[in-house]
Amino acid sequence: METAPSHEQRFDWPLCQLAEELVLQRLESFVERNAFARSLFHRMRDETGTLLIDWVDHLVLPASDEKPFRAAGYTDDLLADAPAGQHALWHPEAMLPRILLAQDAGPMVLALRVESVSVFLFAHGLSLAIKGVPLSRYRWACITEEKGARLDVVERRGYRGFVHAGHAANALEAQLDAQEWWRHRQRQFADDAEGWRHTHELLDRLIALTGRDLACHIVFAEERTFWQSRNRAACVQKARQDRLGLGWANHDHHTFRSSRRHFVDLMRALEKLGFERRERYYTGKEAGWGAQILEQAHEGIVAFCDVDLLPEETELDFSREQLPPSSKLGTIGLWVGLHGESFVQAGMHHLECRFDHELLQEQLEREGVKTMKPFSDLPFLWQAFTEGERWPVKHERAQRLHEAGLIDDAQLRQFMQEGAIGSHLENLQRKGGFKGFNQKSVSAIISATDPRKQMAH
């Protein structure tokens, strides 16, 4: 059996309190000086249940700030090109905004990341120049500058740097073609293996057309849209965030569920899109599942991928070695059996975004969206699902499980009559820049969301 490289097995993401405190101090100083940012800060909390820090793409700070930020763990960002006279830093062990150090004595800049700068300007009734051509890799607009504090908004497409550029010949047409191909792709197949073959072929076409990182941006933007179309909580919250022109730019991670048979196919798909493996969970006998976390550094996306595991498979690198068939279904295998492969047919199980968790819970409650009991309630990590969206189950999928002896007669009848829980929005709040996941708590929610435990009565 293959074993995972040691850097993929880490679970010890540190708390980076000093680094977060430095960022929060700069944000507080900025908001005090910039009235638009101050108003937006309050509106984010009151109207969307979100925190300013979770929307910050980067800060432009004086070179004199280099020493304290490096002492707090920031280091050179070797993947990001910066404008002349500026130098990019990032914190490799924390989920915190990046820093541009400026040699000149210009203003402090706070740059918010949104899905569309144009939509942000429209939402706030602003008519301002946008730097960068439409749908290019990096666009930004200066919203306001006051007392040496300049507020920008930025949008990105598969690009980590800070320099805008135009389109190469025919690149815009190729990008729009790729977006339409993925949006309108076939999702329903008689056989999951056929679905995966089709999906890999389409991915290869997209990447050849647009390049890896832009293809990743296109695929995940469309996967969020598809998931949102099947989840009421997502529709409610997206509308709230869109009223401020923000979109889903506060996403934390995207969760896909896979069968044992096709987990390696899911890994191959994500590898094609530029994802690299991070930590891997082996929960074994206790919870009967495992997960591989992957990260795409240029697009800034984390994927959390779940699969059923047997106790004896706790040391197996299931992200590279295909798992053998099993005679029973765990929570994840049953979900896939009922709804289909997450990346091919069913869409994401959930999108997790960063919020002020208490505010979001209260605000969604007023919109008629209930929140389940939190499955992480730690000083540095809080996580809870909204109540699940019940999806209809296709007869042929349920019948196939029944004929294989994987669900009984009563379960077959109930799934066909009432459907099964399909998706959630996840409410998450991180503190201390914590980048990891609480393995024990995630195991608890995996068990709690088993479709056999979620039947309506």
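How many cavities of 30 Å³ or more does the count come to? Here are some notes to read beside the structure.

1. **What you are looking at.** This is a predicted model, where local features need pLDDT of at least 70, side-chain atom pairs count only at pLDDT 80 or more, and totals for chains, interfaces and linings use all residues. Residues are numbered from 1 along each chain as its sequence is written, and side-chain values use heavy atoms, with hydrogens and water left out.

2. **The cavities.** The count comes to 3 cavities of 30 Å³ or more. A cavity is a set of points, on a 1 Å grid over the protein atoms alone, where a 1.4 Å probe fits but cannot get out. Grid points are joined across faces, edges and corners, and a volume is the space filled by probe spheres set on the points. The largest cavity holds about 640 Å³ of space. It is lined by 29 residues, and Met 95, Leu 96, Arg 113, Gly 300 and Arg 354 are the closest to its centre; a lining residue has an atom within 4 Å of a point. Strands S1 (56-62), S8 (251-257), S10 (289-296) and S11 (301-308) each give two or more residues to this lining. Helices (H or I, at least four residues) and strands (E, at least two) are DSSP runs, numbered from the N terminus.

3. **The largest nonpolar core.** A nonpolar core is a set of buried Ala, Val, Leu, Ile, Met, Phe, Trp, Tyr and Cys residues joined through side-chain atoms within 4.5 Å. Buried means under 20% relative accessible area, exposed over 50%, and partly exposed in between (1.4 Å probe, protein chains only). The largest core has 46 residues, and among those with the most contacts inside it are Phe 220, Leu 266 and Phe 343. Helix H7 (residues 212-228) supplies the largest share of this core, 7 residues. A second, separate core has 40 residues, including Ala 19 and Leu 121.

4. Arg 224 sits in helix H7 and is buried, with a relative accessible area of 6%. Leaving out residues up to four places away in sequence, Arg 224 touches Glu 115, Trp 248, His 251, His 254, Ile 301, Met 348 and Leu 351, where contact means heavy atoms within 4.5 Å. Leu 22, in helix H1 (residues 17-33), is also buried, at 10% relative accessible area. Beyond its neighbours within four places in sequence, Leu 22 is in contact with Pro 68, Phe 69 and Ala 72.

5. Which residues of helix H12 (residues 357-366) are buried? They are His 357, Leu 359, Leu 360, Gln 363 and Leu 364. Seen down the axis of H12, these buried residues fall within an arc of 155°, so they line one face of the helix; the arc is that of the directions from the helix axis to the C-beta atoms. The face turned away from the buried side carries the exposed residues Glu 358 and Arg 366. The buried residues of H12 pack against helices H2 (35-48) and H8 (232-242) and strands S14 (381-385) and S16 (420-430).

6. **Two loop residues.** Leu 135 is not a glycine, yet has a positive phi of about 65°. This residue lies in the loop between helix H4 (117-123) and strand S6 (138-146) and is partly exposed, at 28% relative accessible area. Lys 147, in the loop between S6 and strand S7 (149-156), has a positive phi of about 55° and counts as exposed at 61%.

Conventions
On a 1 Å grid over the protein atoms alone, a cavity is a set of points where a 1.4 Å probe fits but cannot get out, and a pocket is an open set with protein on both sides within 12 Å along at least five of seven lines; lining residues have an atom within 4 Å of a point.
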